[in-house]
Amino acid sequence: MLTRVRITNYTHSCVRLEHDGGGTLVIDPGVWSEPEALAGADAVLVTHEHDDHVDLLRLKGLGVPVYAPKSARIPGLDFTGVVPGEEFTAASFRVTAQGGRHARIYGDLPDCANLGYLVEDRVYHPGDSLCRPDRPVETLLVPLQGSWMKTDEAIDFVRAVQPERAYGIHDGQVNERGLGSLNGWLADECGDCYRWLPPGSSAR
């Protein structure tokens, strides 16, 4: 069992997980995230095919295992397809895939496959969805903004999951004033569990 997991936040939806045993796992390194997020990575998880979550050019030459939804359309990228409910090991981390579909944006317009990843039954990254994990988690990564969500949904997501701690992600399209407002709402309504990690900062 892992004793300590270091979480480093990068721009938008990208996070890097490192444990004391030496494994480094990166989730959703998109076109807005910093290149250093992938330095020394042992494996990559992609929640869905949108380019703010997967930088195709960087991943094609990375040379490490990449896991993504089985039906994802990511031309030119060699990846291992994953389905909801599947358990697998990536970079020495035990991972369970959750959810299945991207949150609805408008009407009946087509969506795409989206997986949330529960890592070591401790850290949950939902991608572009607010699908709740099927078990309690210590650390919840909560999307703050998107064309598919409202602020009250983010607050309700944290309240429903009831994690020990929650960190805001998916904020790459928000200016400084908007980010301050979102973080204020989450902090006020979700209690002491909520915190925002500026890009490049870490927590355990």
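## Basis of the model

The model is predicted: local features need pLDDT of at least 70, side-chain atom pairs count only at pLDDT 80 or more, and totals for chains, interfaces and linings use all residues. Residues are numbered from 1 along each chain as its sequence is written, and side-chain values use heavy atoms, with hydrogens and water left out.

## Overall build

The chain has 3 helices and 14 strands. Both are DSSP runs numbered from the N terminus: helices are H or I with at least four residues, strands are E with at least two. The radius of gyration is 16 Å, close to the 17 Å that the globule rule gives for 204 residues, so the chain is as compact as a globular protein of that length. That radius is taken over C-alpha atoms, and the rule is 2.2 Å times the number of residues to the power 0.38. The C-alpha trace spans about 45 × 40 × 30 Å along its principal axes.

Buried residues make up 53% of the 204 residues. Buried means under 20% relative accessible area, exposed means over 50%, and partly exposed lies in between (1.4 Å probe, protein chains only). The accessible surface of the chain is about 9400 Å², and 47% of that belongs to carbon and sulfur atoms. Areas come from the Shrake-Rupley method with a 1.4 Å probe; for residues, only the protein chains shown count as cover. Among contacts with a separation of 6 or more, 49% involve residues 24 or more positions apart. A contact means heavy atoms within 4.5 Å.

## Strand S12 and its partners

Strand S12 covers residues 165-169. Because 4 of its 5 residues are buried, S12 is largely enclosed by the rest of the structure. Strand S11 (residues 139-143) runs parallel to S12, joined to it by 5 bridges. Two strands pair if DSSP finds at least two bridges between them.

S12 also runs parallel to strand S13 (residues 194-195), with 2 bridges. Here Ala166 has Tyr194 as its bridge partner. From S12 the chain crosses through helix H3 (residues 176-190) to S13, in a right-handed β-α-β crossover. S11, helix H2 (residues 151-161) and S12 make a right-handed β-α-β unit as well. Right-handed means that, with the strands pointing away from the viewer, the path from the first strand over the helix to the second runs clockwise.

## Salt bridges

Side chains of opposite charge can pair when their charged atoms come close. A salt bridge here is a side-chain nitrogen of Lys or Arg within 4 Å of a carboxyl oxygen of Asp or Glu. By this rule there are 13 salt bridges. One of them joins Arg16 and Glu18 at 3.6 Å, N to O. Arg16 is buried at 9% relative accessible area, while Glu18 is partly exposed at 24%.

Asp121 and Arg94 meet at 3.2 Å, N to O. This pair links distant parts of the chain, 27 residues apart: Asp121 is in the loop between strands S9 (113-119) and S10 (123-125), Arg94 in strand S8 (residues 93-101).

Arg122 forms a salt bridge with Glu138, with the closest N and O atoms 3.4 Å apart. Arg122 lies in the loop between S9 and S10 and Glu138 in the loop between S10 and S11, so the pair ties together parts 16 residues apart in sequence. Arg122 is buried at 13%; Glu138 is partly exposed at 25%.
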